[in-house]
Every structure is written in structure tokens, then in C-alpha cells.
Amino acid sequence: MKKIITLTVNPALDIYTHLDKVEPEKKMRSNSPKKDPGGGGINVSRVIKRLGGDTKAIYTCGGFTGKIFTGLLKKENIDLEAVEVKNEMRQSFAIHEDATGDLYRIGFPGEELLESEFHALLEKLENLPEAEFLVASGSLPPGVPEDFYSQVAKIAQRKNMKFVLDTSGKALAAGLKEGAYLVKPNLDELEDLSGRKAESMEDRKEMLQEVIQKYSLEIIVHSLGPDGAFLATREAVTHFAAPKVKPNSSIGAGDSMVGGLMYSLAAGKSLEEAVKFGLACGSATLISPGTELLQKEDAEKFYKELSAS
């Protein structure tokens with residue numbers, strides 16, 4: 001039995017390059033682009049696979065871009081199940097400016113998903129063998145109803161799977177109407193869920209307790225960037241420090257944190273150990289260039305540092 005199934009409704013072919021300086025109205029010469037398969041759930045599965053875990057990735061795939069995307073994923077030996085769609089898979093671009101160290105990121109919304117296509121995703125989930133966790137991560141493309149993740153949550157409940165949701169905006173609030181085992185909101189997402197602004201860390205802790213009481217949730221892991229994360233349960237809110245690193249690129253760091261969390265929980269680790277390992281995985285991706293995800297040895301090194309502190 002697969003322990004972790006990931007769902008990516010709106011994957012993207014990530015294209016990364018770097019150049020000396022970004023200048024308007026000028027034809028700029030960049031280095032050769034690097035292509036990677038991206039999107040929330042896809043990155044979670046890629047991280048789990050790198051760590052040695054067991055995962056299956058469910059995703060939409062269309063057009064020439066989709067063929068390139070799937071070809072890249074197959075090289076990573078991930079168990080895949082795609083829903084073929086009519087429209088072209090989206091792309092996202094990242095440019096690193098060498099002169100300043102700034103990173104410019106452009107993400108497109110994606111082409112419209114037809115009703116028959118997102119229903120095919122739901123049907124595929126219904127027919128899958130049971131797993132311990134179902135991780136739905138990433139944005140929804142045009143054409144998909146806001147309550148789509150709520151429908152996914154119902155399937156997880158029927159199949160006795162722990163539902164993990166990592167998305168934003170209206171899709172997050174609508175998805176939580178059916179509840180979830182775990183969510184990982186950033187500050188903007190936490191403020192959206194609570195309906196107010198956070199002026200301090202104490203505000204955030206109060207808002208986490210409000211949100212976990214408002215929705216049927218067991219766990220919230222609230223990322224704080226370089227300040228680590230808050231772990232919120234119905235009993236308490238606990239702070240965890242992050243490894244001290246010099247960031248190279250933030251692309252995929254949040255997904256890597258989720259991947260590390262799920263890998264640890266599926267391996268039977270405690271919730272506290274899983275949060276530490278998730279932070280270690282996020283930091284390991286932060287030190288990687290461009291769209292490159294973590295290296296296992298970096299994640300393990302950072303985890304040992306956190307466990308020793």
C-alpha cells in the first residue's frame with residue numbers, strides 16, 4: 001500500500017535561468033535554462049522520493065509541455081498517474097539576477113480545466129487503493145470550482161485517509177469546510193482564514209488557536225520563514241527554530257517542508273520530530289540553486305543540528 005498520495009491539479013513546467021542584470025527595453029542574454037517538473041504535490045512527491053519514501057503522484061497533464069514534464073518526472077522514478085487534459089500545461093519562469101542576487105518569479109494561472117477533466121481526477125482518487133495520507137497541494141486552474149478540495153476531502157474521509165491541504169485563497173477556505181488532518185498556511189493564508197491582521201507573534205499564536213477551533217483540524221504548521229514554524233494543535237502552540245542558512249533560492253522550499261513532514265509522519269515519527277525534519281528539508285532546498293530541490297544529506301545534517309539544540 002502506498003503510504004502517501006499527492007494530488008496536483010495545476011502543475012507547471014518550471015524554467016529557471018540566470019543573467020548578469022535585468023534591464024528594461026533591452027534584449028538580455030541569459031544562461032541555458034534549467035527545466036524541472038513543478039507544482040505543489042509534484043514537489044512533495046519528488047522530495048519524498050529523494051528521502052527514500054513511498055509515494056504516488058496524481059496530476060493533470062496536457063500538450064507538448066505536459067510531455068516534457070512527464071518525461072522529466074519519469075527520470076526521478078516516481079510512481080505516476082496522470083489525467084490527460086485538452087489544454088497545454090502551464091509554465092512558470094524564474095530569473096536570478098547575478099548582480100544583485102534578486103530572484104524574479106513569474107507564475108501563470110494555467111489553462112482552463114474542463115468539468116469532465118476535474119471529475120476524472122476525483123474518479124481516479126475514488127478508485128485508488130487506500131493510503132495513509134492524501135496530500136492536495138497547489139493552486140486550482142481556471143474552470144475548477146472553489147470547493148474542489150472540499151470534494152477531495154470527502155473522498156479522503158470515505159477512504160479513511162488523512163487529508164493534508166496546502167493551498168491558498170478561496171480554495172483553502174472552501175477546502176477546509178470538510179476539515180483536514182493538517183494544513184500549512186503562511187502569514188497571508190493565516191490572516192485570510194482568521195479574518196484579521198497579525199501585528200505580532202502573539203497575534204499569530206492566538207489566530208492559530210482560533211482557526212483550529214473554527215475548522216475541523218487536527219494540526220496546523222505555520223511557517224515563519226527564517227524564524228522557523230509554529231506547531232498548533234488543540235492543546236497548544238509550540239515554536240520550532242529553523243536551521244541558520246544562507247538562502248540561495250526559495251523556490252520549492254515550502255513544498256519541501258511538507259514533503260519532509262509527510263515522510264516523517266509516514267515513517268511513524270512523532271509530530272515534533274516531523275516538524276523539525278520538515279524545517280530541515282525546507283532549509284535544504286533554500287540552499288539549493290534555482291528550481292533544484294533538496295539533497296538528502298543536507299536535510300539529514302540540518303535535522304541533526306535541530307535535534308541537538
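Leaving aside neighbours within four places in sequence, L19 is in contact (heavy atoms within 4.5 Å) with M28, R29, S30, N31, I95, H96, E97 and D98. The model is predicted, so local features need pLDDT of at least 70 and side-chain atom pairs count only at pLDDT 80 or more, while totals for chains, interfaces and linings use all residues. Residues are numbered from 1 along each chain as its sequence is written, and side-chain values use heavy atoms, with hydrogens and water left out.

- L19 lies in strand β2; strands (E, at least two residues) and helices (H or I, at least four) are DSSP runs, numbered from the N terminus.
- The relative accessible area of L19 is 5%, so this residue is buried; buried means under 20%, exposed over 50% and partly exposed in between, with a 1.4 Å probe and protein chains only.
- L19 and Y59 are separated by 40 residues in sequence and by 32 Å in space, C-alpha to C-alpha.
- M28, one of the contacts of L19, is placed in the loop between β2 and β3 and is partly exposed, at 34% relative accessible area.
- V22, M28 and Y104 make a nonpolar surface patch of about 230 Å². Patches take residues with over 30% relative accessible area and no salt bridge, joining like charges within 9 Å and nonpolar side chains (Val, Leu, Ile, Met, Phe, Trp, Tyr) within 5 Å; accessible areas come from the Shrake-Rupley method with a 1.4 Å probe, and for residues only the protein chains shown count as cover.
- E25 is also found in the loop between β2 and β3; its phi is near 60°, a positive value in a residue other than glycine, and at 86% relative accessibility E25 counts as exposed.

**The sheet containing β2**

- An open sheet of four strands has the order β3-β2-β6-β7, with mixed pairing; two strands pair if DSSP finds at least two bridges between them.
- β3 (34-38) and β7 (103-107) are at the edges with a single partner strand each, so one side of each has no neighbour in the sheet.
- On average, neighbouring strands of this sheet are turned by 20° against each other, direction ignored; axes are lines fitted to C-alpha atoms, for helices over the stretch in contact, and angles run from 0 to 180 degrees between N-to-C directions.
- β2 (residues 12-19) pairs with β6 (residues 90-97) in the parallel sense over eight bridges, and A12 stands opposite R90 in β6.
- Helix α2 (residues 63-74) lies across β2, β3 and β6 and runs at about 85° to β3.
- In the loop between α2 and β5 (79-84) lies N77, which has a positive phi of about 60° although it is not a glycine. N77 is exposed, with 57% relative accessible area.

**Strand β8 and its partners**

- Five of the five residues of β8 are buried: F133, V135 and S137 cover one side, and L134 and A136 the other.
- β8 pairs in the parallel sense with β1 (residues 4-8) over four bridges, where L7 has A136 as its bridge partner.
- Five bridges join β8 to the parallel strand β9 (residues 162-166); the bridge partner of S137 there is D166.
- S137 is found in β8 (residues 133-137) and is buried at 1% relative accessibility. Apart from neighbours within four places in sequence, its contacts are L7, T8, G40, G41, Y149, D166 and D255.

**Salt bridges**

- The count of salt bridges is 16, each being a side-chain nitrogen of Lys or Arg within 4 Å of a carboxyl oxygen of Asp or Glu.
- E76 forms a salt bridge with R46, with the closest N and O atoms 2.9 Å apart. E76 is in the loop between α2 and β5 and R46 in helix α1 (residues 40-51), so the pair ties together parts 30 residues apart in sequence. R46 is buried, at 1% relative accessible area.
- E126 and R158 form a salt bridge whose closest N and O atoms are 2.3 Å apart. Since E126 lies in helix α3 (residues 115-127) and R158 in helix α4 (residues 148-158), the pair ties together parts 32 residues apart in sequence. E126 is partly exposed at 33%, whereas R158 is exposed at 54%.
- K197 forms a salt bridge with E191, the closest N and O atoms being 3.4 Å apart; K197 is exposed at 58%, and E191 is buried at 10%.
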